[in-house]
Amino acid sequence: MGDYILLAVGAILVNNILLIQYLGNCPFLGTSKKMETATGMAMAVVFVLALAGIITWIFEAVFLKPLGLEYIRTIVFIVVIASLVQFVETFMKKSIPALYAGLGIFLPLITTNCAVMGVCLINIKEEYNFLEMLVSAIAYPAGFGLALILFAGVRERIIIGRVPGPLQDVSIALVTAGFMSLSFLGFKGMI
Amino acid sequence: MLEALLLMMGLGGVAGTLLGVASRIFYVWEDPRIAEVENCLAGANCGGCGFTGCAACAKAIVEGRADVGACLVAGADGAAKVAAVLGLEAGAAEPLTSQNTCTGGFRAPEKFSYMGVNDCRAAYLLYAGAKDCDVGCLGFGSCVKACLFDALKIGPDGYPVVDAEKCVGCGACEKACPKGIMQVRKPSDRILHVNLVTDRLAPCRQTCPAEINIPKYIHHIRNKEYDKAYLTIMERNPMPLSTGRVCPHPCEDACRRALADDPVSINQLKRFCSDWVYDEGAQVKIPVAPDTGYKVAIVGGGPSGLTAAYFLRRLGHKVKIFEWLPKLGGMIYYGIPEYRLPKEILYKDINRILDLGIEVKTDVKFGVDFDLESLVGGGFDAVLMSIGAMNHASARIPDEDKVKGVVPATDFLRKQGLGDPYRVGKKVGIIGGGNVAMDCLRSSVRLGAEKVYCLYRRTIKEMPANVVEIEACEHEGIEFITLCTPTKFTTDDEGNLTGIEYLKNELGEPDASGRRKPVPIEGSETVIPLDNFILAIGQTTDSAFADKEGTAVSRLETKRGSILNDPDTHQTAIPYVFTSGDSAGPPGLLVAAIGAGRRAARGIHKYLMGEDMAFPPARLRVDSRRMKGHIPGTIFDSIEGIKKKGRIAQPELEPGSYERQHTYAEVDLTVTEEEALKEANRCMRCCLTCYNKDAR
């Protein structure tokens, strides 16, 4: 049990996918302008990663490993994740409109998100068992969400702040992201 | 290698088939404009707009959650294309335009000195901004920065000014404004809007029963934009020539300038700019919304019916007016005499309304020539009963309907309107103190009566007639016998009127209307000799048709002749039948009938389109007669900093002149341009609390 908690804390804070591993930076900048969008995006990433983690782990166990095809893992995962997300989006739009309204519009953006892909590959590289994989597939996107929501809160303030002309918008956002990353480095000593 | 190839091909095939099938099974209809808008965007899926990809951004634009300039990469060109895609949908006749509703700017006082970022949204975070007025413009121009089309700038007075030529109605400014001052609306939306307590309304505008934007049109007059002033009035009142002549202008009673010197002569300015438009033959274009396919019948072509017809037509409905008399205009054609409102002038107003494409059928009477069943059978989706109040009320004097020479005011004035005036003798008495009584008095003078008396039960101070009318009567030599109650007619052997006996009154306790009740004094009988006596103490609606059992119209509920309705929506007990004006009782002012006509058109439009008909809870309800119900804090006790300058006089025909006493030539005249400009410059362009202190 302790191992799982350690794994979760490590995934959320110490190895934060955004601020320490620098994966998934496009939605980090793109969807952090408004708190509402950031929250939706965070939830969508948790949802997709949990699904993608399970499917890719099973794919690895059933096809790639037995057939000795580990060398095409990356390209297979891309196709699998992309089709999965597209399918889930289509399905949700018709069958669960309420959930679609909440997450649906964020799904296309993370079909081939590097954070999603990265976590799936980490799961395999670290040779997690099914349960460990599940914890990692939820904890990493939770860390993603945490960083994204914190960042959105900061950016909402920046918009009305006194920012010099050349630094406005994306520039100041990148500077801010750098500072946030520095502060997250402080978690390194925890584990 | 082969396994890898086979696995990839298999995976591709399965995924492709699965997605293909899924897209069929789980197909959901989407607005085709979303795809069109998406084509105008950059297609980079960069997320720079704050939405998750271009598709999401396009959807948000179509649904109005993002403005057309949301895509930063596509820039102004892309925004123009998006606006074109969305603009086509709205229809060329219904352009969206932005308008600023606050005229405060620099003149508006501040609660504190704000030193922060020059942005309205930032300023708003601190106690909703520094302006004293809760709903006033902060003036930092967030809307100007938001506008991609250079259509907005902060004007010289410190509030934003919209360039209507450049505005595409994208809505960016509306979203940027933290106070809701910038409003992007279609002409139809503006017609359907009713005064709300959250609006920015000057006291005059709150008081006007027709809700005309008075400060705006006076501002146009000041800038010599007389056609724009006329169009501003036409947004609320389609009969400005007529109202400009006969309106008792309750707005002027609320004018803030009156606290310094005299109220602005608002009605003379309305008359001036409307006359200018006709005299100069100025082209005015009144926008009409695309056809909705609904047909509305208006029963009764009086002011309320004509107004409702005008606004319903502008909202895109087909309209037909049914009128029982040969001419349209109702009480203002048949009731108001020529010297006050020439028929030719009235018909200019009416023709402008009919020019929008309104059908008219005259000489047909409801309940005789047609009824509700035939209207419904004729394909009408809604009916407005604006049949007016053409019956007279009883004065409760014995034999008033038998004695020869006694005539109700409605008959007297209608005969005059039909061109066959009632022949009056040398001495004429009229009972009543309203404007109808004044019309009868002044008409009698012109019909050759040598002595005309006005009998009224209270004093001149309590008369409901306009003060200017009472003064005009005095100028024309009419004698007022106040505090009297006629008790009986004296007649000769053939039943002809020879005189009237009345009791003198004294004023007692105030009654329900707040006026002191007249009490007759016993034994004070007085007789005056008369040849004719006119009853002008009120009118009722002839709604006898509603009593006929077994007809659709019998479902209407009536009370003392008036047809009962919901006072907000104007809907009657029959859902598709509405009523407005005098027939919805009690009879009132022309401008009130015009206001009611627009609100009835609103009710009918909402009913036809299946929208919520009720007024918003924030509806402003002002009683313009008692001057009550204004937005709190907008009626002042005193004002400062105004240089005293009296109002312009009303030009009129020389009292005692031949034209004045013996012809029907119009008595009140239009002011000159010079005078009008002088008066327009007296207007302080008030809003809720601030006003131009240095009004010239």
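Predicted model: local features only at pLDDT ≥ 70, side-chain atom pairs only at ≥ 80, totals over all residues.
Local features rest on residues with pLDDT of at least 70 and side-chain atom pairs on pLDDT 80 or more, while totals for chains, interfaces and linings use all residues. Residues are numbered from 1 along each chain as its sequence is written, and chains are lettered from A in the order in which they are written.

**Overall**

Chain B contains 24 helices and 22 strands; these are DSSP runs numbered from the N terminus, helices being H or I of at least four residues and strands E of at least two. The C-alpha trace of chain B spans about 130 × 65 × 50 Å along its principal axes. Of the 696 residues in chain B, 47% are buried (20 or more other C-beta atoms within 10 Å of the residue's own, with C-beta atoms placed from the backbone). Contacts are pairs of residues whose C-beta atoms, placed from the backbone, lie within 7 Å. Among those in chain B between residues at least 6 apart in sequence, 67% join residues at least 24 apart.

**Contact with chain A**

Chain B puts 27 residues into the contact and chain A 29 residues. On the chain B side, helices H1 (2–25), H3 (53–62) and H5 (120–125) each supply at least two residues. H1(B) gives the most, with eleven residues. The chain B side divides into 16 nonpolar, eight polar and three charged residues. Here Ala, Val, Leu, Ile, Met, Phe, Trp, Tyr, Cys and Pro count as nonpolar, Asp, Glu, Lys and Arg as charged, and the others, Gly among them, as polar.

**Domains**

The bounds below come from an automatic or database domain assignment.

| Domain of chain B | Residues |
|---|---|
| Domain 1 | 27–90 |
| Domain 2 | 97–185 |
| Domain 3 | 295–390 + 552–609 |
| Domain 4 | 391–540 |

The centres of domain 1 and domain 2 of chain B, taken over C-alpha atoms, are 25 Å apart. Their contact takes eight residues from domain 1 and six residues from domain 2. The domain 1 side consists of four nonpolar, three polar and one charged.

**A parallel sheet**

Five strands of chain B form an open sheet in the order S10-S18-S11-S12-S13, with parallel pairing; strands pair if DSSP finds at least two bridges between them. Strands S10 (406–408) and S13 (479–481) of chain B are the edges, each pairing on one side only. The twist averages 25° from one strand to the next. Strand S11 (residues 427–431) of chain B runs parallel to strand S12 (residues 451–455) of chain B, joined by five bridges. B:Val428 has B:Val452 in S12(B) as its bridge partner.

Note on methods:
Buried ≥ 20, exposed ≤ 12 C-beta atoms within 10 Å, placed from the backbone. Contact = placed C-beta atoms within 7 Å. Axes fitted to C-alpha atoms, helices over the stretch in contact; angles between N-to-C directions.
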